[in-house]
Amino acid sequence: MKRSERGPWPYLFLTPAIVLFTLFLAVPIGYTVYLAMRRTRVSGLGLGRGARREVFVGFDNFAAALADAELWSGWLRVLGYGVLVLVVMLGLALLFALLLDSARVRLARFSRIAIFLPYAVPGVAATLLWGFLYLPSLSPIRDVLDVDFLGATTVTYSMANVAVWGGVGFNMLVLYTTLRAIPRDLYEAARLDGASEFQIAVRVKIPILTPAIVLTTVFSIIATIQVFTEPTTLRPLTNTISSTWSPLMKVYRDAFVTGDLYSAAATSIVIAAISLVLSFGFLRVVRSHAFREG
């Protein structure tokens, strides 16, 4: 069909997606950039008409955000938290996917549902559930383990546990679905060559799974950088989590506690830029191996 014969129908079908993209993504991003380049200037005592006015300050808010020690302290905490979460969560997801795809697995359907079910629990509810288990006065775990789960040295591991508990199921499902799409003939050929189930997993399944592992890793990196629910929900239960524990918590404090929308907007853009750099940097490092690109 020639382009002139298509008429307006392709554009009509695209219109809802374009409208939604514009209203809920492009406009908020544009407004955030606008706020990030503005600042309220106070003249005199700040009283009277015209004493407070919004002025253009260029990149001053970005410079202040990049020089903020609280922001970089939050990044360091999130970095340690993220390494712990990514290694444990993706390692368990890969292990469970390989076990469920093995030839001798039993109760596979029940196991898939049991592993995936925590992902269906909302993040706030899951964090509250674990938070009550961490409290010394309520936790049955404290009767067995003499550990302060909300202490200064352990609270990061406690939050990582919540993230791992909720994220393993989703990543396992992605990897398991990829495994089920692999032709069974490859496994039969490997068995005829004398390969054990462990050798098949290491030498056949994992190399084929590499693109899916990269995909889940990128999604997990983005989710880890944006950690907010776990520390915010656990914060009322302990005094070891500050209001700026993670970068997004600092954005929330600046915007809705101190009322500095301009600094919050600039900081959020800095966070988004760092997220893009880390995600695309990871993809660039593993691209040649995972996707066979030069």
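Which residues form a nonpolar patch on the surface? The patch is made up of L76, L79, V83, V87, V88, L92, L95 and L99, and together these have about 720 Å² of accessible area. Here, a patch takes in residues with over 30% relative accessible area and no salt bridge, with like charges joined within 9 Å and nonpolar side chains (Val, Leu, Ile, Met, Phe, Trp, Tyr) within 5 Å. The areas themselves come from the Shrake-Rupley method with a 1.4 Å probe, and for residues only the protein chains shown count as cover.

A quick word on the ground rules: the model is predicted, local features need pLDDT of at least 70, side-chain atom pairs count only at pLDDT 80 or more, and totals for chains, interfaces and linings use all residues. Residues are numbered from 1 along each chain as its sequence is written, and side-chain values use heavy atoms, with hydrogens and water left out.

V88 sits in helix α4, which covers residues 69–100; helices are DSSP runs of H or I with at least four residues, strands are runs of E with at least two, and both are numbered from the N terminus. V88 has a relative accessible area of 35%, so it falls in the partly exposed class, the one between buried (under 20%) and exposed (over 50%), judged with a 1.4 Å probe and protein chains only. With a relative accessible area of 43%, G80 is partly exposed. Along the chain, G80 and Y157 are 77 residues apart, yet 9.7 Å separates their C-alpha atoms.

Next come the charged pairs. A salt bridge is counted when a side-chain nitrogen of Lys or Arg lies within 4 Å of a carboxyl oxygen of Asp or Glu, and the tally by this rule is 11 salt bridges. One of them joins the side chains of D260 and R39, at 3.0 Å from N to O. Since D260 belongs to the loop between α11 (247–257) and α12 (261–290) while R39 belongs to strand β1 (residues 38–42), this pair ties together parts that are 221 residues apart in sequence. R39 itself is partly exposed, at 24% relative accessibility.

Another salt bridge brings together the side chains of D101 and K205, again with 3.0 Å from N to O. D101 is in the loop between α4 and α5 (108–120) and K205 is in helix α9, so the pair ties together parts 104 residues apart in sequence. Are these two partners buried or exposed? D101 counts as buried, at 4% relative accessibility, and K205 counts as buried at 4% too.

R191 and E197 make a salt bridge as well, with their closest N and O atoms 2.9 Å apart. R191 is partly exposed at 29% relative accessibility, and E197 is partly exposed with a relative accessible area of 30%. Some residues go beyond simple pairs: D68, E70, K250, R253 and D254 are linked in a network of salt bridges.

What about the way helices pack? Two packed helices are described by the angle between their axes and the distance between the axes. Axes here are lines fitted to C-alpha atoms, for helices over the stretch in contact, and angles run from 0 to 180 degrees between N-to-C directions. Helix α8 (residues 184–192) packs against helix α9 (residues 197–225) at an angle of about 140°, with the axes 10 Å apart. That makes α8 oblique to α9, given that angles under 35 degrees are roughly parallel, over 145 roughly antiparallel, 65 to 115 roughly perpendicular, and the rest oblique. The α8 and α9 crossing is right-handed; right-handed means that the near helix is turned clockwise from the far one by less than a right angle, and left-handed means anticlockwise.

In a second pair, the axes of α5 and helix α7 (residues 155–180) come within 6 Å and cross at roughly 130°. These two helices, α5 and α7, are therefore oblique to each other, and α5 passes α7 in a left-handed crossing.

Two last spots deserve a look. L186 is located in helix α8 and is partly exposed, with a relative accessible area of 41%. Q226 is in the loop between α9 and α10 (229–234), where it counts as partly exposed at 43% relative accessibility.
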